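User: Could you walk me through how to read a few features in this one?

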Amino acid sequence: MTDLTLYRNIGIFAHVDAGKTTTTERILKLTGKIHKIGEVHDGAATTDFMEQEQERGITIQSAATSCEWNGHRLNIIDTPGHVDFTIEVYRSLKVLDGGVGVFCGSGGVEPQSETNWRYANESEVSRLIFVNKLDRLGADFYRVVEQIKDVLGAVPLVMTLPIGIEDDFVGVIDLLTREAWVWDDTGNPEAYEIQEVPADMADQVEEYREQLVETALEQDDDLMEAYLEGEEPSVEDLKKCIRKGAIALDFFPTFCGSAFKNKGVQNVLNAVVDYLPNPTEVDPQPEVDLEGNETGGKALVDPEYPLRALAFKIMDDRYGALTFTRIYSGTLNKGDNVLNTYTGKTERIGRIVEMHADSREELDTAQAGDIVALLGMKNTQTGHTLCDPNNPATLEPMVFPDPVISVAIAPRDKAGAEKMGIALSKMVAEDPSFYVETDEESGETIMKGMGELHLDIKVDILKRTHGIDVDVGKPQVAYRETITQLVEDTYTHKKQTGGAGQFAKIDYIIEPGEVGSGYEFESKVTGGNVPREFWPAVEKAFGQSMDEGTLAGFPLLDVKVTLTDGGYHPVDSSAIAYELAAKAAYRQTVPKASPQMLEPIMKVDVFTPDDHVGDVIGDLNRRRGMIKSQEAGATGVRVKADCPLAEMFGYIGDLRTMTSGRGQFSMEFSHYAPCPANVAEAVIAEVKERKAAMS
């Protein structure tokens, strides 16, 4: 049996361009996993193996790899930074025990870092912080540390200080040991010397070390007492305290360096081993029943315990579908039959492989704490639990956000039509934030996703990976509808045909619900005027009707229906009759309740050089944006705003024109808000036109 205390399951996450993939490359080189470093900007990084990733220089899907450092086994997942692919970060964090948050030394805490940090907080993942790119113009380690406190509300525990900055950055000072690590200019990560602290930094080192010691010793009252009485704690004792605090999320050990220049990465690797938890030190996953309620059971990290594993990612490659799986407890062997609690079916494990980006190593067995890929799984999707058939249990499932943008696609030739259906079903299995549906009226295939880039990449994958050329319609916004007034109403459904008839009478109130409440139903019927067994039929029919609003057919949000009274016939009343009554009641009453169109509002974060701030703000105002804040940084200004998604198509091109190619932006869904009347009228007219053209 492997010693689980020597395992570290970690993820590397950050904003676009903060240097996650470069950091991963350096780690693989230092640990001897690769012998030649591949650069992201050359399209040669190990973990960016999709063509689309190599061309665009971004990470699109998380890649898994493993290596060894100081006798410890590191399972590493390199995650994307772009906001359209946060789903990859979310599901990776869900199955990891620790993480390294990479921040750019000049860009600081950028919008995507905030989202990823929030996901990590929700998943209660212990983290180290690596402030990267200190060799860049405008880099400032101390400013980034302040931003981590102010923007993320986190407590960074500074472990290393930079020696020099920008072009003069040569190394780091380890505050625990008071040693300076200085690298030469060859770019070889192993070409460093341990020196004494530079004289001009001695006071600063002592000041930061004192802060480090005091924060760390808060984890141990006895050591703190001894320290206050003048006894200096040993480095080993300090490491124990830092480990305890890091695992408890009380603070986050913070390191600095330049991954591209190979400086400071060893310190991060040492810290992963020293301060991040092994699988046995993390709270065990709670087990839930099929309704999602906790049963009180836990998936204990123990190879002897019954099998509990979570499929967190499906990837299709030339050998077939790979199911990436984190094993929480028990042991998994090749040829085992396992139960998928979501489908209720057992599946046979064909092969178990350990992944290194897109190459693989065959295994016969895997155990608690391992992250492996399984081949031959037919019906397993992201978020499904695999367990021992004789001892079933479900792990907490993953929750994915709804898409906000859609486009219609059509294959250019008949041969492509059949291939497209198969390709799209594979792509949906791989990415839970990507939806495909067929418009019933037009017969069009509609792709839905998290943003323009997300759908762009999907079209690109169809073309290159699956060889299907498609025509793409213009992007459509996922509007919603709601109501603004309370209406009391009644509806009677009567139908008399030969034999038994149908009868159902309902009195009800339809009113606006709380924002974000979705659909609520309550029955206040007393005295049996609507027998209790028919209430679910009324609730279900109203709920199904909410899928289509009365203004333009978009789903209805935040509505409460209260059944107050009704009528009943002992022979002619049935569940079907009440269902038909509720559906007709919906169509009768919702138009009376002042329905209103809602549009998705995006949280937009724009970075612009100082001399273009006025243009950027003016342009956002023209796009009906609400400016929330402006923050001046060393190299420009960050403008935060809330903007309707409908106004943001093609924004990146306009922003580049305005800022001479230097502006950047990211956006993510924030909330739904009422549409202005003129926008709502235009959308409704467009929908009517489309329907008329089809009929």
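**A buried aspartate**

Analyst: Let's start with D642, which counts as buried because its relative accessibility is 12%; buried means under 20% relative accessible area, with a 1.4 Å probe and protein chains only. Keep in mind that this is a predicted model, where local features need pLDDT of at least 70, side-chain atom pairs count only at pLDDT 80 or more, and totals for chains, interfaces and linings use all residues. Residues are numbered from 1 along each chain as its sequence is written, and side-chain values use heavy atoms, leaving out hydrogens and water.

User: Which side chain does the side chain of D642 make a polar contact with?

Analyst: A polar contact is a pair of N or O atoms within 3.5 Å; within protein, one must be able to donate a hydrogen and the other to accept it, and residues adjacent in sequence count only if both are side-chain atoms. Here the partner is the side chain of K628, at 2.9 Å. D642 itself sits in strand β37, residues 637-644.

User: And how do I read helix packing?

Analyst: Two packed helices are described by the angle between their axes and the distance between the axes. Take α6 (residues 202-217) and α8 (residues 235-247): the angle is about 65 degrees and the axes are 8 Å apart.

User: Which residues of α6 meet α8?

Analyst: Contact means heavy atoms within 4.5 Å. On the α6 side you have R209, L212, V213, A216 and L217, meeting L238, C241 and I242 in α8. That contact divides into seven nonpolar residues, no polar and one charged.

Definitions and conventions. Axes are lines fitted to C-alpha atoms, for helices over the stretch in contact, and angles run from 0 to 180 degrees between N-to-C directions. Helices (H or I, at least four residues) and strands (E, at least two) are DSSP runs, numbered from the N terminus. Ala, Val, Leu, Ile, Met, Phe, Trp, Tyr, Cys and Pro count as nonpolar, Asp, Glu, Lys and Arg as charged, and the others, Gly among them, as polar. Buried means under 20% relative accessible area, exposed over 50%, partly exposed in between (1.4 Å probe, protein chains only).
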